[in-house]
Each structure stands twice: as C-alpha cells, then as structure tokens.
Amino acid sequence: MTEYNFAYLDEQTKRMIRRAILKGLAIPGYQVPFASREMPMPYGWGTGGVQVSAAVLTPKDTFKVIDQGADDTTNAVSIRTFFQRTAGVATTTATSDATVIQTRHRIPEEPLHEGQILVYQVPIPEPLRFLEPRESETRKMHSLEEYGLMHVKLYEDISRHGHIATSYAYPVKVEGRYVTDPSPIPKFDNPKLGDMAAIQLFGAGREQRIYALPPYTQVVSLDFQDHPFEASKADHPCGMCGATDSYLDELIIDDAGGRMFVCSDTDYCEARQAAGHKGKDAA
Amino acid sequence: MTPLLSVQGITKRYGAHIGCTDVSFDLYPGEVMGIVGESGSGKSTLLNCMAGHLTPDAGQVVFDTRTEGPRDTIIMSEPERRMLGRTDWAFVHQHARDGLRMGVSAGGNVGERLMAVGERHYGDIRDKATDWLGRVEIDASRVDDRPTTFSGGMQQRLQIARNLVTGPRLVFMDEPTGGLDVSVQARLLDLLRGLVRDMGLSAIIVTHDLAVVRFLADRLMVMKSGRVVEAGLTDQVLDDPQHAYSQLLVSSVLQV
C-alpha cells in the first residue's frame with residue numbers, strides 16, 4: 001500500500017480531474033476536455049472510467065465494477081482488484097451496498113439511490129463523430145445547438161430498416177440543450193438515465209473528455225413523432241431467475257441451436273435466485 | 001424596392017495578394033446575376049465572402065431578412081448567419097461531393113436541411129424528399145440509394161434539391177455545371193432555369209462558361225484581377241463588350 005498514492009493517481013491529477021467533473025456537473029451533457037493520464041492498462045479497457053473513479057474514491061467508499069452487467073468478467077475483476085490494491089477500499093458486488101459503481105455498457109437493474117456515483121467507461125464521447133469527422137465542426141455544432149444531423153442518422157435507420165435500428169449508444173438530449181452519447185449502454189437502459197437519484201459521471205480516457213449528469217436531470221432519447229423511442233429487450237424471461245423486466249444476454253449453449261436468455265446484471269439475477277425465483281433453465 | 005442583397009465595397013486580401021477588391025452591386029428579388037472571369041480573377045473569393053464562408057477585410061453584405069429587414073450579414077452573429085445559411089440561403093458547390101453527404105442516402109441528404117430547422121416527422125420529411133427528387137428528375141425509387149451510386153449529373157441535381165427544399169430566396173452557385181458533359185449540362189441548365197422561374201429565386205452564379213450566363217443570368221459582372229471591369233445586362237455585355245478584357249473573353253469562345 002505504500003508504493004502508490006491513494007487510488008494510484010497523484011493528488012494534482014485528481015484535482016485536475018475533479019475540476020473537470022465539477023464543470024461537467026455544472027453543464028450537464030457538455031464534454032469537458034481533461035488531461036487524460038497514461039494508465040496501467042490499454043485504451044479501450046476503461047482508462048477514462050478508472051481515472052474518474054480514482055478522483056472520486058475516498059477511503060470510506062465501497063466500490064463495485066460491472067462489465068456488461070457482470071461482476072465476474074475480466075475487465076470488472078481486474079479494475080476491482082486494481083483499486084483494492086492501490087486504494088484499499090472495500091469492494092462489493094451488491095448494487096445497493098456500493099457507493100461508487102464503475103460500469104461498462106450497462107446501468108444496474110436495481111434503482112440507484114442518492115449518495116451513489118455511477119461511473120461510465122466511454123469509448124467515443126462525441127455522438128456526432130460518425131456523421132461529422134471534424135472535431136472543430138462538432139464543437140461548433142454543440143455550441144450553436146445544430147443537431148439536425150443527429151436526426152439524419154435516425155432517418156437513415158428508418159429508411160434502411162423500417163424502424164430505428166440503433167440499439168446501443170442511443171443519442172439523448174440533456175436538459176433540452178446538449179446532445180450526448182450515453183456510452184454504449186443498450187437503449188433499454190436509456191430511460192434510467194433521466195431523473196436518476198445517483199450522480200452519473202462519464203470518462204473517456206483516449207478521447208480525453210469527461211461529462212456528467214447530476215441527480216434528477218432531464219434526459220430525453222431522440223426520436224421522430226411518427227417513430228417514437230422504444231426501450232427494447234429480448235422478448236423472453238430470464239432462464240435462471242425468471243425475471244421479465246431485466247435486460248437479457250443470449251447464450252448459445254450447444255451446437256444444435258440450443259440457447260438461453262439470462263439477466264446481464266449478475267447481481268440482480270443472483271439476488272432474485274437467492275429469494276427463491278426460478279427460471280426454466282435453472283439447475 | 002429594397003434590394004434582396006446589397007453588396008458594398010467587398011475587399012478580401014490574402015496577405016499582399018488581392019482576392020477581390022471594392023466590389024459593389026445590388027441584387028433585386030427574382031434577379032439572376034452572373035459573375036464571369038478567368039481562373040484566379042476573384043470570382044469564388046467574392047462568392048464565398050457573400051455566402052459567409054470567408055470573412056472579407058472590408059465592406060458590407062446587406063441581406064433583406066424576412067423578419068428584421070435589411071441586415072449586414074458580416075457583423076451578424078454566427079448562429080444567425082448559419083441559420084440564414086440553412087433557411088433563406090442555399091449554396092451549390094461545383095463538386096457535388098462538397099455539398100452532399102456521400103455516406104447518407106439521397107432522402108437523408110434532402111431531409112437534412114428540414115431536420116436542421118426542426119422538422120421531426122419522418123413521414124413528412126420523406127414525402128418532401130421524394131417530391132423534391134421528382135422535381136429534379138431523379139426517380140423516386142432511388143430515394144434510399146447513396147449518392148455514391150449516382151452519376152455526376154444526378155449528384156449535381158441531388159445537391160440542388162437538397163439546397164432548395166427549405167425554400168430559400170437566394171442561391172449562390174459556384175460553377176454549377178463544371179465537370180459535366182454538354183448534354184447533361186444542357187438538362188441541368190434547363191432544370192435550373194425552370195426552378196429559378198417557378199420559385200422566384202434570386203441567384204448569383206459564378207462561372208467561366210459564357211453560355212451558362214447567357215442562358216441563366218439577367219445581369220453580368222466581368223471580373224479581372226480581383227476587380228469588376230464591366231457590369232451590365234447580360235446581352236448587352238456579351239454582344240457589345242466595352243472593356244478590352246471582356247472583348248477578349250467573348251472572342252475566346254470556341255465556335256462549333
């Protein structure tokens with residue numbers, strides 16, 4: 001524990017990141033540039049999220065990491081161990097016990113409460129990037145609120161697929177002002193972004209951007225009047241716990257076309273199984 | 001009558017080099033103005049200054065806005081100017097690729113301006129896009145195809161549809177027929193003339209092709225080395241050029 005400063009980053013760096021976080025909270029949805037540091041992991045593994053987590057962690061915090069909803073995947077385990085070793089904070093897999101939750105691609109099923117912080121790992125913070133490659137131009141579009149282009153993407157979806165086929169990283173408008181990328185969470189999770197009791201922080205390490213949603217922020221998913229937004233999920237109950245209201249992963253279980261659907265949020269699923277709920281595939 | 005566009009003393013320098021200097025003219029509603037001259041004479045610089053793509057070093061570009069009357073677009077705030085660029089103004093580039101989004105379908109290209117001014121009904125946007133494809137003689141079945149699959153002439157017509165869908169009052173055109181073969185040029189010119197007449201558009205057309213201005217423009221300005229050397233009614237200038245350079249220009253046209 002003596003080898004590293006608390007939570008790996010030095011205090012000046014944390015101060016710089018906290019300043020970016022505060023600015024992000026003051027202007028919900030606005031991408032604040034920050035001097036992202038080299039972290040002891042490759043870009044794409046959550047360097048942005050890790051820096052934000054390091055800046056907000058205190059010794060009394062309880063830390064949880066999920067990757068695609070699961071507590072036990074490589075990314076989640078390695079980041080959790082990282083902070084166990086460099087910060088010595090308590091860790092948990094129970095959503096309600098955690099004070100800081102770092103996540104990749106999901107929002108926990110269990111509603112978060114006040115006092116919790118949800119930290120997202122963001123690969124590409126700019127929702128307009130694939131439509132307009134010039135950073136100078138996208139910044140101008142944000143500052144002048146020129147968001148017609150975002151609807152062009154949705155228009156293209158409908159003309160090609162007959163419905164809005166964007167199913168993750170679905171663009172949202174924050175407090176009627178900034179169009180924001182909610183990180184690659186499934187659009188099933190989009191309604192949870194708005195009016196959430198917890199603080200939501202987004203960190204993009206490679207792209208050097210931080211943005212934030214303070215508690216109880218208005219977040220609206222973009223859509224057309226005649227093609228309204230729909231939070232979709234696989235139309236099955238969970239095979240392990242029988243839940244019908246949670247986001248599901250589809251697993252291929254043999255080479256004869258067998259498959260099962262299970263909750264992507266492992267903590268939610270395990271808690272339900274412990275409470276006696278059983279799905280059709282449960283052992 | 002208030003001029004739609006009143007240009008006064010526009011000057012743009014690139015360091016010691018003159019882009020265009022002290023250009024003034026008035027453009028009235030429904031009028032089409034041609035600007036001709038050799039390469040490097042400052043035609044495109046002038047056009048870009050007027051359309052707000054370049055900031056001139058001196059001069060005024062006063063546009064008669066719908067809501068507030070005549071306003072100088074140079075000192076207007078950037079959001080206002082860009083709003084004009086999406087609504088009352090249109091800009092047709094020489095190369096359709098500069099004016100189109102090549103990765104977006106034809107319908108999306110036409111619909112972009114509608115969505116940019118707040119249209120949020122997919123069915124309506126698509127109907128308008130299809131209608132406009134018809135007006136520029138592109139088959140409605142191509143509405144979901146990307147412009148990359150279109151021929152050069154079709155791309156140029158698509159660019160025109162995309163620009164005119166919001167019903168602009170002033171169209172800037174930079175060599176709209178450049179790079180097209182003559183038969184396609186003729187059809188495009190025919191189409192443009194029809195649209196200009198039907199919609200009562202005002203237009204400023206930059207070109208080095210005298211046949212194009214003869215066909216489309218009511219008035220003509222001849223530029224040389226950044227200065228306007230001669231201006232007047234198109235037929236007058238072309239039939240009886242006064243300035244030595246205009247005479248050279250008119251006599252240089254190849255006869256078939």
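A nonpolar core is a set of buried Ala, Val, Leu, Ile, Met, Phe, Trp, Tyr and Cys residues joined through side-chain atoms within 4.5 Å, where buried means under 20% relative accessible area, exposed over 50%, and partly exposed in between, with a 1.4 Å probe and protein chains only. The model is predicted, and local features need pLDDT of at least 70 while side-chain atom pairs count only at pLDDT 80 or more, although totals for chains, interfaces and linings use all residues. Residues are numbered from 1 along each chain as its sequence is written, chains are lettered from A and ligands numbered from 1 in the order in which they are written, and side-chain values use heavy atoms, with hydrogens and water left out.

In soluble globular proteins, nonpolar side chains tend to be buried together. Here the largest nonpolar core comprises 66 residues, and those with the most contacts inside it are A:F224, B:V110, B:W132, B:L158 and B:V171. Apart from that core lies another, of 29 residues, including A:L9, A:I17, A:V50 and A:V52. If contact is taken as heavy atoms within 4.5 Å, and neighbours within four places in sequence are left aside, B:W132 meets B:V110, B:A161, B:L164, B:V165, B:L195 and B:M199.

**Between the chains**

In the interface, 22 residues of chain B are in contact with 21 residues of chain A. The buried area, that is the accessible area (1.4 Å probe) that two parts lose on being put together, summed over both, is about 1,900 Å² between chain B and chain A, and carbon and sulfur atoms give 56% of it. Of the area that chain B buries against chain A, B:R82, B:R120 and B:Y122 supply 39%, more than any other three residues.

A:E156 is found in helix α5 of chain A, helices (H or I, at least four residues) and strands (E, at least two) being DSSP runs numbered from the N terminus. With a relative accessible area of 6%, A:E156 is buried, and, not counting residues up to four places away in sequence, A:E156 touches B:G103, B:V104, B:S105 and B:G108.

**Pockets and cavities**

On a 1 Å grid over the protein atoms alone, a cavity is a set of points where a 1.4 Å probe fits but cannot get out, and a pocket is an open set with protein on both sides within 12 Å along at least five of seven lines; lining residues have an atom within 4 Å of a point. Grid points are joined across faces, edges and corners, and a volume is the space filled by probe spheres set on the points.

| Space | Volume |
|---|---|
| Largest pocket | about 1,300 Å³ |
| Second largest pocket | about 450 Å³ |
| Largest cavity | about 40 Å³ |
| Second largest cavity | about 30 Å³ |

The largest pocket is lined by 42 residues, and A:E137, B:R82, B:R86, B:R101 and B:R162 lie nearest its centre. Helix α2(B) gives the most to this lining of the largest pocket, with five residues.

A search of the whole structure finds two cavities of 30 Å³ or more. Lining the largest cavity are B:V92, B:I160, B:L164, B:V171, B:M173, B:L192, B:L195, B:V196 and B:L201, and the largest share of that lining, three residues, comes from α7(B). The second largest cavity is lined by residues including A:V172, A:D181 and A:L213.
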